[in-house]
Amino acid sequence: MVDIRFDGRVAIVTGAGTGLGRSHALGLAKRGAKVVVNDLGVGRDGSGSSSEAAQAVVAEIEAMGGEALAHGCDVADEDGVIDMVTQAIAVWGRVDIVVNNAGILRDKTFAKMDMADFRKVVDVHLIGSANVAHACWPIMREQKYGRIVFTSSASGLYGNFGQSNYGAAKASMMGLMNVLHLEGARDNIRVNTLAPTAATRMTEELLPAEAAELLAPETITPGLLYLVSEDAPSRTILGAGAGSFALTKVYETPGITLMDDENTPETVAAKFAEIAAAEGQEELTDAFSQTKKYALNAAKARGLK
Ligand code: NAD
């Protein structure tokens, strides 16, 4: 097994004052990275602010002989994020790793959801992650090196009652990853998504004590460290928690092709089981692969080349 090290690398970890972000920041620092510990120090719903948590993590890293700096910007504020990245460059001259981890919850059923709460959650998770990736993008392209992780959730990948805002924001991580993976590949920028499940203040009332003990954030960080390492994969969604690691994948079934004279909603309904049949399903590599598949199917059905 090859040792995974981050000597000489500079990492930004958002929401790193507590929970998963803190564990990721410490994990990176222990293996040699210089770390920007970002945290706005808010409550679980995004209210308030404090610089204490980020400062405490910087002190922990310095106590073990590492280098870190705290930055208290709100990831949803583009100017604040640009200031953070500018500081990292001023101090260390590069940014190699971005871990988009900052997050909040404002749970309500969709019937009771206020659009301000919907927007706020999308702002922190989606716009916040895009802000940080966007501010670092030209630096990573220039360096010909970058590793970016977005933090999704089972709520976004599979759905969770009462989390329409959070689920939508977390599913959007996959879309952002897919495109940045394609655009970053030629400059050695690899982009992945982590879907953790951990005992943190975000989940504290949801988990029985015995489960909480097994689901420590530190059980997830090894997966995150692999996703931002030199030999990282790209465009993967890594589920992680309590020592379990698994990939989430999106497949498309082979489906069917209808000629114009039979292309009616009734035929789609009648053949729905055939459309859904999983045998031969495949993972498409980009949007155009789907267009190509359908156009080729149609041409073949018509006896064209
Ligand atoms: P946490 O509440 O312990 O930590 C989140 C941190 O983000 C806090 O320190 C907070 O101050 C910071 N933060 C919030 N909004 C911010 C902003 N706008 N700018 C900068 N910092 C901000 O939560 P956690 O459980 O450690 O969650 C970390 C990430 O993992 C989140 O994105 C969360 O949605 C995701 N996640 C967590 C779980 C879980 O089981 N805990 C499951 C799936 C996904």
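This is a predicted model: local features need pLDDT of at least 70, side-chain atom pairs count only at pLDDT 80 or more; totals for chains, interfaces and linings use all residues.
**Entry 1: the ligand**

I started with the ligand and its surroundings. I looked up how many residues surround the ligand. The shell holds 30 residues, and the closest are Thr18, Asp39, Asn101, Tyr166 and Thr200. I then sorted the shell by class. It has 12 nonpolar, 14 polar and 4 charged residues.

How much of the ligand's accessible area does the protein cover? On its own the ligand has 830 Å² of accessible area, and the protein covers 97% of it. I also noted which elements give two or more residues to the shell. They are helix H1 (19-30), helix H4 (115-143) and helix H6 (164-184).

I moved on to strand E6, which spans residues 189-196. Is this strand enclosed or open? Of its 8 residues, 7 are buried, so the rest of the structure largely encloses E6.

I checked its pairing partners. Strand E5 (residues 146-151) pairs with E6 over 6 bridges, in the parallel sense. In this pairing I found Phe150 opposite Thr193 of E6. Strand E7 (residues 237-241) is joined to E6 by 4 bridges, and these two strands also run parallel. Here Leu194 stands opposite Leu238 of E7.

**Entry 2: two loop residues with positive phi**

Lys144 sits in the loop between H4 and E5. Its phi is near 60 degrees, a positive value in a residue other than glycine. Lys144 has 47% relative accessibility, so I list it as partly exposed.

Asn188 lies in the loop between H6 and E6. Phi of Asn188 is near 60 degrees, again positive in a residue that is not glycine. Its relative accessibility is 26%, so Asn188 is partly exposed as well.

**Entry 3: salt bridges**

I turned to charged pairs. Side chains of opposite charge can pair when their charged atoms come close. The structure holds 13 salt bridges. I went through three of them.

Arg9 and Asp96 meet through their side chains, with N to O at 3.1 Å. Which parts of the chain does this pair link? Arg9 is in the segment before strand E1 (10-13), and Asp96 is in the loop between helix H3 (78-92) and strand E4 (97-100). The two are 87 residues apart, so I call these distant parts of the chain. Both Arg9 and Asp96 are buried.

Arg106 and Asp117 form another salt bridge, with N to O at 3.1 Å. Arg106 belongs to the loop between E4 and H4 and Asp117 to helix H4, so the bridge ties together parts that are 11 residues apart in sequence. Arg106 is partly exposed at 22% relative accessible area. Asp117 is buried at 14%.

Arg302 bridges to Asp260, with the closest N and O atoms 3.2 Å apart. This pair also links distant parts of the chain, 42 residues apart. Arg302 is in the segment after helix H11 (287-301). Asp260 is in the loop between strand E8 (244-248) and helix H9 (265-270). I noted the accessibility of each partner. Arg302 is partly exposed at 34%, whereas Asp260 is exposed at 61%.

Which residues form a network of salt bridges that share partners? Arg9, Arg94, Asp96 and Glu230 are joined into one network.

**Entry 4: a buried serine**

My last stop was Ser152. This residue is found in the loop between E5 and helix H5 (154-158). Is Ser152 buried or exposed? With a relative accessible area of 1%, Ser152 is buried. Its side chain reaches the backbone oxygen of Lys170 at 2.9 Å.

Key
Residues are numbered from 1 along each chain as its sequence is written. Side-chain values use heavy atoms; hydrogens and water are left out. A residue is near a molecule or strand if one of its heavy atoms lies within 4 Å of it. Accessible areas come from the Shrake-Rupley method with a 1.4 Å probe; for residues, only the protein chains shown count as cover. Ala, Val, Leu, Ile, Met, Phe, Trp, Tyr, Cys and Pro count as nonpolar, Asp, Glu, Lys and Arg as charged, and the others, Gly among them, as polar. Buried means under 20% relative accessible area, exposed over 50%, partly exposed in between (1.4 Å probe, protein chains only). Two strands pair if DSSP finds at least two bridges between them. A salt bridge is a side-chain nitrogen of Lys or Arg within 4 Å of a carboxyl oxygen of Asp or Glu. A polar contact is a pair of N or O atoms within 3.5 Å; within protein, one must be able to donate a hydrogen and the other to accept it, and residues adjacent in sequence count only if both atoms are side-chain atoms.
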